[in-house]
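Please examine the model shown below.

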Amino acid sequence: MENETVSKNFIENIIDKDLAEGVYDTVHTRFPPEPNGYLHIGHAKSILLNYGLAQQYHGKFNMRFDDTNPTKEKIEFVESIKEDIKWLGADWEDRLFFASDYFDKMYEAAVKLIKKGKAFVCDLSAEEIRAYRGTLTEPGKESPYRNRSVEENLQLFEEMKNGKYADGEKVLRAKIDMASPNMNMRDPVIYRVAHMTHHNTGDKWCIYPMYDFAHPIEDAIEGITHSICTLEFEDHRPLYDWVVKELEYPHPPKQIEFAKLYLTNVVTGKRYIKKLVEDGIVDGWDDPRLVSIAALRRRGFTPESIKMFVDLCGVSKANSSVDYAMLEYCIREDLKLKRPRLMAVLDPIKLVIDNYPENETEYLEAPNNMENEALGKRKVPFGKELYIEREDFMVEPPKKYKRLFPGTEVRLMNAYFVTCTGFETDDDGNVSVVHCTYDPATKGGNAPDGRKVKGTIHWVEASHAGEVEVRLYENIVDEEKGVYNKEDGSLNVNPNSLTKVRAYVEPALMEAKGYDSFQFVRNGFFCADIHDSKEGNPVFNRIVSLKSSFKLPKA
């Protein structure tokens with residue numbers, strides 16, 4: 001129905017009210033990551049939410065790096081974040097900013113607070129500040145330096161800027177209320193001394209603003225209307241509002257909090273990922289077993305699948321966890337009609353058709369995707385010797401086994417009916433070759449006499465097959481034990497998270513380049529690895545298997 005009302009989330013309701021009441025006449029959002037690691041799937045929700053709201057209300061979206069902590073930040077992370085956001089389709093146009101672009105203005109803002117009697121230089125150590133802060137049930141104690149004169153504070157703060165003091169020797173604190181029930185309002189630190197080289201400003205500064213002071217200033221300078229962040233900042237909102245009010249910005253931004261996106265049984269903590277990288281358990285921040293955006297891209301996920309996933313998760317105020325299977329469901333849904341379905345044999349045994357002519361190759365027609373005729377057809381080589389999956393043949397099958405065993409007839413997909421006549425084994429008793437005969441009258445996979453077969457198996461012709469490495473992934477963590485070891489907090493790493501196999505594929509797959517993705521018939525969706533694929537010699541990552549227990553909840 002064209003007039004059907006779409007239920008809005010709580011953020012949209014707030015924006016609608018603000019626009020209707022004239023609080024703002026436009027919508028301006030931002031995504032403000034700290035460049036101290038790679039972004040993960042949870043950040044994708046924030047990126048797409050902020051960008052989506054700007055698009056929905058015909059407003060603007062800014063990209064801004066919150067680079068106020070030079071101890072952990074790197075240019076590598078800046079570049080990776082930019083690439084991830086572009087890939088997700090969020091366009092910041094010409095509005096790429098850095099918090100460090102505003103360091104001069106933040107210093108001026110701090111001076112303004114000092115002049116208003118709203119900030120003071122404190123000599124207490126970090127431990128003493130914590131001790132003075134009080135508890136959730138007891139008020140804090142005022143710093144003995146709280147009542148310094150404006151003139152003394154201005155002089156000391158300038159000396160901090162000029163490098164006179166060592167790290168931790170002095171801080172600048174906001175003067176608010178040591179008895180506030182909100183711990184964040186108990187004279188929080190807003191500037192600290194840090195003799196560190198900054199990736200953007202070099203050695204210009206040896207004092208750096210704290211995030212809670214810098215962030216509202218950045219938003220106000222850029223004209224952000226709705227500063228959308230995650231729930232852990234809810235208790236920081238009074239400080240955010242205090243900063244923009246005391247600095248007298250004419251159109252103060254409004255902070256709104258929403259629930260983070262939590263995925264079950266995945267590792268998102270930068271500290272843990274860093275350790276996995278350093279210990280060589282994964283091959284980088286974009287290892288396909290991780291859920292960084294770069295890792296999901298390398299594995300073969302698409303921007304469309306991640307957007308579908310974020311939309312399904314919705315926006316709420318309540319924290320909850322989402323099953324990883326829902327993310328897998330989204331990539332299956334996105335790829336199933338878009339990608340060609342080609343044949344690859346991951347655990348091969350030889351199939352010899354004894355009555356097929358020697359040294360003959362014919363080319364059979366096969367649809368690229370039976371559910372999407374628009375993807376067309378291709379020619380596939382067929383001959384006397386083929387590879388089939390080991391699991392598609394059994395010497396003594398159980399009941400209801402519908403594939404190949406001695407005496408049975410099956411269909412070779414898009415080819416012929418074949419009947420198993422025997423098999424060979426190696427020295428260890430493992431089946432190495434299966435023998436059969438074919439019925440030439442069944443070309444294309446149907447019998448003219450109308451007889452039916454119960455099983456259809458896929459295959460790859462041996463003499464034209466390409467041999468490739470295929471990587472099969474499981475969760476990086478041991479799901480039975482849980483993500484973290486309860487005793488020491490370490491990761492419970494799954495030793496079987498990566499299996500590499502040598503597979504045979506039909507010739508068309510040998511032309512695959514990085515990020516090209518396909519469905520391998522009956523085996524799942526696969527993507528050519530961007531790092532390790534060479535021209536004419538691709539390496540394939542399994543994106544996801546074909547089947548899942550996940551079902552969308554009914555509306």
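In helix H4, Tyr 107, Ala 110, Val 111, Ile 114 and Lys 115 meet Val 150, Asn 153, Leu 154, Phe 157, Glu 158 and Lys 161 of helix H6, contact being defined as heavy atoms within 4.5 Å. By class, this contact of H4 with H6 comprises seven nonpolar, one polar and three charged residues; Ala, Val, Leu, Ile, Met, Phe, Trp, Tyr, Cys and Pro count as nonpolar, Asp, Glu, Lys and Arg as charged, and the others, Gly among them, as polar. The model is predicted, so local features need pLDDT of at least 70 and side-chain atom pairs count only at pLDDT 80 or more, while totals for chains, interfaces and linings use all residues. Residues are numbered from 1 along each chain as its sequence is written, and side-chain values use heavy atoms, with hydrogens and water left out.

Two packed helices are described by the angle between their axes and the distance between the axes. Helices (H or I, at least four residues) and strands (E, at least two) are DSSP runs, numbered from the N terminus. Axes are lines fitted to C-alpha atoms, for helices over the stretch in contact, and angles run from 0 to 180 degrees between N-to-C directions. H4 (residues 103-115) and H6 (residues 150-161) pack at an angle of about 160 degrees, and their axes lie 9 Å apart. H4 is therefore roughly antiparallel to H6; angles under 35 degrees count as roughly parallel, over 145 as roughly antiparallel, 65 to 115 as roughly perpendicular and the rest as oblique. The crossing of H4 and H6 is right-handed, a crossing being left-handed if the near helix is turned anticlockwise from the far one by less than a right angle, and right-handed if clockwise.

The H7 residues Asp 212, Phe 213, His 215, Pro 216, Ile 217, Asp 219 and Ala 220 meet Leu 239, Tyr 240, Val 243 and Val 244 in H8. This contact divides into eight nonpolar, one polar and two charged residues.

Side chains of opposite charge can pair when their charged atoms come close. The whole structure holds 55 salt bridges, each a side-chain nitrogen of Lys or Arg within 4 Å of a carboxyl oxygen of Asp or Glu. In one of them, Arg 297 meets Asp 84 at 2.9 Å, N to O. Arg 297 lies in helix H10 (residues 293-299) and Asp 84 in helix H3 (residues 75-88), so the pair ties together parts that are 213 residues apart in sequence. Both Arg 297 and Asp 84 are buried (under 20% relative accessible area, with exposed over 50% and partly exposed in between; 1.4 Å probe, protein chains only).

Asp 286 forms a salt bridge with Arg 298, with the closest N and O atoms 3.4 Å apart. Asp 286 counts as buried at 16% relative accessibility, as does Arg 298 at 2%. Both residues belong to a salt-bridge network that also includes Asp 283, Glu 469, Arg 471, Asp 529 and Asp 532.

Finally, Asn 182 lies in the loop between strand S5 (171-174) and strand S6 (189-193). Leaving aside its neighbours within four places in sequence, Asn 182 is in contact with Asp 235 and Pro 238.
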